[in-house]
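Q: Could we go through this structure together, one part at a time? I would like to begin with a single pair of residues and build up from there.

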Amino acid sequence: MPKLILKFKEAVLNEFSLKKEILTVGRADDNDIKIDNMAVSGHHAKIIKENGDFVLMDLNSLNGTFVNGQKISKWILKNNDIITIGKHNLVFQDERAEKKSTLTSTAEMKAPEGTVMLDARTQQQLLEEAAAKKPSESVVEMVGAVTLISGGEGKRDIELSKRVTVLGKGKDADIKLKGFFLPKVSAVISRRPAGYFISHSEGRAVPKVNGETIKGQVKLKDGDLIEISGTKMHFYLKPAGE
């Protein structure tokens, strides 16, 4: 069964089997493959099954869809094609191509009159070996981080490895903010199995995410812009330990 492997840099995030006739990719919740990144359009691209082929089509996305570094509007996918959408890659893998290649390159022997004849036993062995091959890629743990764009004090790049990261003016704050009347703890970012969540703690300066003032707890997505009283920072995901 052909499949797509979703990757961020070298980290494998997920795998998707191409079982449906039409499969959509984008940032909106109703997509078959959802990519939480501000560079990805709500409905960015789709893949259609046509006569046994899988055809990739860009849906007039803002930043475009690329295959092997080339911007496309429509593309018939081939084994190991790399689709780039925003900051993420989707690797198209089609085991049917491996089997077809094995059939054409299997062991041969010539009959006396020069006719080419396949060695059936060797052919079967090679087919079984090809079918048994599995991708060796392992899922890499992702960790959140922020880069201070403006304001703030101390380091500009901060990895969110703690269960709770404190943002405020206090001396023990993990991310120190600038501004008058800011409390010691203005907001916190919590690390959970489901992801990273930001919430307001105290004070008048309520955090904004992508320009919108938060209410309660908000789950952060790769590429989100956080702003607290003039301090702006970019949230992103990266492989742990990088």
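A: Glycine 168 stands opposite lysine 176, which belongs to strand E17. Please keep in mind that this is a predicted model.

Q: How many bridges join E16 to E17, and do the strands run parallel or antiparallel?

A: Two bridges join them, and the strands run parallel. Strand E16 covers residues 164–168.

Q: Which strands form the open sheet, and in what order?

A: The sheet has five strands, in the order E17-E16-E18-E19-E22, and the pairing is mixed. At the edges are strand E17 (175–176) and strand E22 (217–219), each of which pairs on one side only.

Q: What holds paired strands together in general?

A: Strands of a sheet pair through backbone hydrogen bonds, in either a parallel or an antiparallel arrangement.

Q: Now for E1: which strands does E1 pair with?

A: Strand E1 is joined to strand E11 (residues 88–93) by six bridges, and these two run antiparallel. Within that pairing, leucine 6 stands opposite leucine 90 of E11. E1 also pairs with E2 in the antiparallel sense, over six bridges. There, the bridge partner of leucine 4 is phenylalanine 16 in E2.

Q: What happens between E1 and E2 in the hairpin?

A: Two residues lie between the strands of this hairpin, and lysine 9 takes a positive phi near 55 degrees.

Q: Are the faces of E1 covered or open?

A: Both faces are covered. Lys3, Ile5 and Lys7 are buried on one side, while Leu4, Leu6 and Phe8 are buried on the other. In total, six of the six residues of E1 are buried. As a general point, side chains in a regular strand alternate between the two faces of the sheet.

Q: Changing topic, how much space lies in the largest pocket?

A: The largest pocket holds about 640 Å³ of space. Its lining consists of 25 residues, and those nearest the centre are Leu13, Met142, Ala194, Lys219 and Leu237.

Q: Which strand gives the most to that lining?

A: Strand E2 does, with four residues. Strands E1 (3–8), E2 (11–17), E18 (187–192), E19 (195–200) and E24 (231–239) each supply at least two residues of the lining.

Q: And by class, what is the lining made of?

A: The lining has 14 nonpolar, three polar and eight charged residues.

Q: Why does the largest pocket lie between domain 1 and domain 2?

A: Domain 1 (2–98) and domain 2 (142–239) both contribute residues to the lining, so the pocket lies between them.

Q: Next, asparagine 37: where does it lie?

A: Asparagine 37 is in the loop between strand E4 (33–34) and strand E5 (45–50).

Q: Why does asparagine 37 count as buried?

A: Its relative accessibility is 2%, and buried means under 20%, so asparagine 37 counts as buried. Leaving aside residues up to four places away in sequence, asparagine 37 touches Arg27, Lys87, His88 and Asp222.

Q: Last one: is leucine 225 buried, partly exposed or exposed?

A: Leucine 225 is partly exposed, because its relative accessible area is 32%, which falls between the limits of 20% and 50%. Leucine 225 is found in strand E23 (residues 225–228).

Q: Which residues does leucine 225 touch?

A: Not counting residues up to four places away in sequence, leucine 225 touches Ile149, Lys208, Val209, Asn210, Lys232 and Met233. Leucine 225 and glutamate 212 are 13 residues apart in sequence and 9.9 Å apart in space, C-alpha to C-alpha.

Notes. Residues are numbered from 1 along each chain as its sequence is written. This is a predicted model: local features need pLDDT of at least 70, side-chain atom pairs count only at pLDDT 80 or more; totals for chains, interfaces and linings use all residues. Side-chain values use heavy atoms; hydrogens and water are left out. Two strands pair if DSSP finds at least two bridges between them. On a 1 Å grid over the protein atoms alone, a cavity is a set of points where a 1.4 Å probe fits but cannot get out, and a pocket is an open set with protein on both sides within 12 Å along at least five of seven lines; lining residues have an atom within 4 Å of a point. Grid points are joined across faces, edges and corners, and a volume is the space filled by probe spheres set on the points. Ala, Val, Leu, Ile, Met, Phe, Trp, Tyr, Cys and Pro count as nonpolar, Asp, Glu, Lys and Arg as charged, and the others, Gly among them, as polar. Domain bounds come from an automatic or database domain assignment. Buried means under 20% relative accessible area, exposed over 50%, partly exposed in between (1.4 Å probe, protein chains only). Contact means heavy atoms within 4.5 Å.
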